[in-house]
Amino acid sequence: MSSRGTDSAYDVEFRTVTKRFGNLTAVNAVSFQVRQGEFLSLLGPSGCGKTTSLRMIAGFEQPDEGEIVIGGVDAVGTPPYRRDVNTVFQQYALFPHLTVLDNVAYGMKQKGVGRSDRYQRAREALELVRLTGREKHKPSMLSGGQQQRVALARALVNRPRVLLLDEPLGALDLKLRKEMQIELTRIQGEVGITFIYVTHDQGEALSMSDRIAVMSDGVIEQLGTPAEIYDRPRTAFVADFIGEMNFLEGTVSRTEDGEYDVTTAGGVVVRARGEATRGQAVKVGIRPARMRITGATDDGVVNAARAAVDTKMYLGDEVQVVATLGDGTQVVIREQRAGADAPHDAIRPGDPITIQWDRNAPVLLAETPTEQQE
Ligand SMILES: Nc1ncnc2c1ncn2[C@@H]1O[C@H](COP(=O)(O)OP(=O)(O)OP(=O)(O)O)[C@@H](O)[C@H]1O
Ligand SMILES: [Mg+2]
């Protein structure tokens, strides 16, 4: 067991951390806190600074500016092997000539832990990842998912304060990936260790995390629970990166009693809950599943838009319609076939339709991220 430093409520804290590689700023004045026992994901497109952030926590890179606090103690300057963190990579790099048990026990041998003690602990770690019975096998006799479990057992055997995982499921096929996602959440719940999980897969981040930090270009655009990020994205980038989003642009034409209207160039009036400034040019987002096609064709109502159907596709229980509004804006509507109020089966490309949504569906989006949340 490793020692627990202080009673800080945060296991990891970034305080305006900046990392540059020559002219390139990989991480730009980033601040965030990771709570004890939390499953936090760093999510974002390739090159946004996820791995660099993780490597600074592990101590493989040093920030140019700012502080990184681990367990309440400033970690900058502390070498990797003295930090109470461990890392699991996409390439699990097991020793091919060692057995599964020896792979897991290897690190402890280096640290001088006695033989019976290290095998005892390695067996416990293998039990945790459900590989009991495979102790004597060589890695080549295991599937990709099982090999990744060995890597996980090896990283958890010393019970670090924080486990860093950099796209650990990236090399697995979809089915194994799904299985391992469930396994990882179970294991994290059992050991209670803080997980910082890097991924560019939004579905993975949404399903596994307590909170998600959405990164773009070296900054955190938004940090929040999966529901907050999905239902209340703050920026068009976050809205678009996490699932699909229809965007409507217009001007705030009315504000009243915690509601606002946005009128688009095509005359569509979006009425939503929230605060906005009159006269402001804005972008609102509406999820495809929050739009529905109705039989009504009367114009001049709020939260309704006339459109022409471009394509219709069956997605099993759902039907997806792509349609173009009067001003040329293209939108995607996805409806449960069972719940649809119009006979969608009859819809054909070229048909005029009316699209509706309710006042809770639109989200007001900012151009740039505002101050980061806690
Ligand atoms: N050692 C390095 N030297 C120079 N540039 C680097 C170095 N490491 C990272 N970078 C650059 O910093 C930026 C962020 O890289 P990083 O590896 O953190 O991205 P990432 O979010 O992990 O991307 P991916 O999803 O592709 O793994 C990239 O533009 C990358 O090219
Ligand atoms: Mg990376």
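A: In this predicted model, Arg254 pairs with Glu256 in a salt bridge whose closest N and O atoms are 3.2 Å apart. Arg254 is partly exposed, with a relative accessible area of 21%; buried would require a value under 20%. Glu256 is also partly exposed, at 43% relative accessibility.

Arg254 has a further partner in Asp261, and here the closest N and O atoms are 3.1 Å apart. Asp261 is buried, with a relative accessible area of 5%.

Another pair is Arg290 with Asp358, with 4.0 Å between the closest N and O atoms. This pair links distant parts of the chain, 68 residues apart. Arg290 sits in the loop between β14 (281-286) and β15 (292-294), while Asp358 sits in the loop between β19 (352-356) and β20 (363-365). Arg290 is partly exposed at 34% relative accessibility, and Asp358 is partly exposed with a relative accessible area of 34%.

Salt bridges that share partners join Arg254, Glu256, Glu259, Asp261, Arg271 and Arg359 into one network. The structure holds 22 salt bridges.

α4 has 13 residues and reaches 18 Å from its first C-alpha to its last, close to the 18 Å expected at 1.5 Å a residue. The helix is mostly covered, with 10 of its 13 residues buried. Among the buried residues of α4 are Gln147, Gln148, Arg149, Val150 and Leu152. The buried residues of α4 pack against β6 (85-88), α2 (100-110), α3, β7 (162-166), α5 (174-191) and β8 (194-199).

Two loop residues have backbone angles to note. Arg130 is exposed, with a relative accessible area of 53%. Asp217, in the loop between β9 (211-216) and β10 (219-224), has a positive phi of about 55 degrees although it is not a glycine. Asp217 is exposed, with a relative accessible area of 67%.

Note on methods:
Residues are numbered from 1 along each chain as its sequence is written. Chains are lettered from A and ligands numbered from 1 in the order in which they are written. This is a predicted model: local features need pLDDT of at least 70, side-chain atom pairs count only at pLDDT 80 or more; totals for chains, interfaces and linings use all residues. Side-chain values use heavy atoms; hydrogens and water are left out. Buried means under 20% relative accessible area, exposed over 50%, partly exposed in between (1.4 Å probe, protein chains only). Helices (H or I, at least four residues) and strands (E, at least two) are DSSP runs, numbered from the N terminus. The expected span of a helix is 1.5 Å times one less than its number of residues. Contact means heavy atoms within 4.5 Å. A salt bridge is a side-chain nitrogen of Lys or Arg within 4 Å of a carboxyl oxygen of Asp or Glu.
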